[in-house]
Amino acid sequence: MSTPTLASGAGPQQAQSLAAILTTTEALTDRIQAIRNAVDGRIVFSTSLGIEDQVILHAIADTGVDVEVLTLDTGRHFPETLETIRDSELRYGLKIHVVAPEKDSVDTLVARDGVFGFRNAVENRIACCDVRKVRPLNRALHGASGWITGMRREQSQGRGATEFASFDDTRQLIKANPLADWSLDRVEAFVKDNNVPINALHARGYPSIGCQPCTRAIEPGEDIRAGRWWWENDDGKECGLHNRPATVTTKEGAAS
Ligand code: SF4
């Protein structure tokens, strides 16, 4: 990816200042407004359509700030996830821009690894996430000055150090995580109190929802992200959108 030039001149210092503001700002709508005030130029909210991102979408609609909303259609989503796009557009009267992967890259990947090749080796899985998620997101973020995500510290060990705002060196933009300090209980209470539309799978044991072949329901007491790529060991299970996937192994011990 080529490095975009920021019209705003945003950098690590600006990210640090925004993080300080968000630390002392309580209401989510105020946090969204603070992000808009602090970052000049285009701000993108990339929604996975999961429960956290639905909370953020509600707050963006509530404040009416100028933030572009997009989601990545990997081509392997649950139907319930696609229905969440429709439900959200109807509820909030806004358009969610659907970003698809490049057809040629998907064709090449499937020809090489097969339709379910991502289960055969961790490197195949990371390659699939790269083609279907990471590259389309990088294209969509090109030229943006700000990026809003629904990451929470509690979601996993790997996300425990999530900051309210940081400078993404690779993408050359400010990444803001306005729910960084929220608990799942608080997220669920917000959804209930505000009648926020959410993916029907959340009520069926799916707290974290990714692509259909790579997500299962979890058992009581399991980690929130235990249902994601469940055949891999727990360390570093990321698709590369937020954190670079660490070297991980399958349950059978095949390393990548
Ligand atoms: S979650 Fe699974 S199907 Fe979706 S992009 Fe990653 S490996 Fe491919």
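Visitor: Where does Trp 229 lie?
Guide: Trp 229 is located in the segment after H7. Please keep in mind that this is a predicted model.

Visitor: Is Trp 229 buried or exposed?
Guide: Trp 229 is buried, because 27 other C-beta atoms lie within 10 Å, and a residue counts as buried at 20 or more.

Visitor: And what is phi for Trp 229?
Guide: Phi of Trp 229 is near 45 degrees, which is a positive value in a residue other than glycine.

Visitor: What about Leu 49, what is its phi?
Guide: Leu 49 is not a glycine, yet it has a positive phi of about 70 degrees. This residue belongs to the loop between strand S1 (43-46) and H3.

Visitor: How many residues apart along the chain are Asp 223 and Gln 157?
Guide: Asp 223 and Gln 157 are 66 residues apart along the chain, and their C-alpha atoms are separated by 9.9 Å.

Visitor: Changing topic: how many helices and strands are there in the protein?
Guide: The protein contains seven helices and six strands. Along the sequence, their pattern reads α-α-β-α-β-α-β-α-α-β-β-β-α.

Visitor: What share of the residues count as buried?
Guide: The protein has 256 residues, and 38% of them count as buried. As for contacts with a separation of 6 or more, 69% are between residues 24 or more positions apart.

Visitor: Let us turn to the helices. At what angle do H1 and H2 pack?
Guide: Helix H1 (residues 12-23) and helix H2 (residues 28-38) pack at about 155 degrees, and their axes are 10 Å apart. That angle makes H1 roughly antiparallel to H2, because it is over 145 degrees. Their crossing is right-handed.

Visitor: Which residues make that contact?
Guide: H1 contributes Gln 14, Ser 17, Leu 18, Ile 21 and Leu 22, while H2 contributes Arg 31, Ala 34, Ile 35 and Ala 38. By class, the contact of H1 with H2 has six nonpolar, two polar and one charged residues.

Visitor: And H3 with H7, what is the angle there?
Guide: Helix H3 (residues 51-63) packs with helix H7 (residues 184-194) at an angle of about 50 degrees, and the axes are 10 Å apart. H3 is therefore oblique to H7. The crossing of H3 and H7 is left-handed.

Visitor: Which residues of H3 and H7 meet?
Guide: On H3 they are Ile 51, Glu 52, Gln 54, Val 55 and His 58, which meet Val 187, Phe 190, Val 191 and Asn 194 of H7. This contact of H3 with H7 has five nonpolar, three polar and one charged residues.

Visitor: Last topic: how many residues surround the ligand?
Guide: The ligand is surrounded by 13 residues, of which the closest are Cys 128, Cys 129, Arg 132, Cys 211 and Cys 214. The shell around the ligand has seven nonpolar, two polar and four charged residues.

Key
Residues numbered from 1 in each chain as written. Predicted model: local features only at pLDDT ≥ 70, side-chain atom pairs only at ≥ 80, totals over all residues. Near = placed C-beta within 6 Å. Nonpolar A, V, L, I, M, F, W, Y, C, P; charged D, E, K, R; others polar. Axes fitted to C-alpha atoms, helices over the stretch in contact; angles between N-to-C directions. Helix = DSSP H or I, 4+ residues; strand = E, 2+ residues; numbered from the N terminus. Parallel < 35°, antiparallel > 145°, perpendicular 65-115°, else oblique. Left-handed = near helix turned anticlockwise from the far one by under 90°. Contact = placed C-beta atoms within 7 Å. Buried ≥ 20, exposed ≤ 12 C-beta atoms within 10 Å, placed from the backbone.
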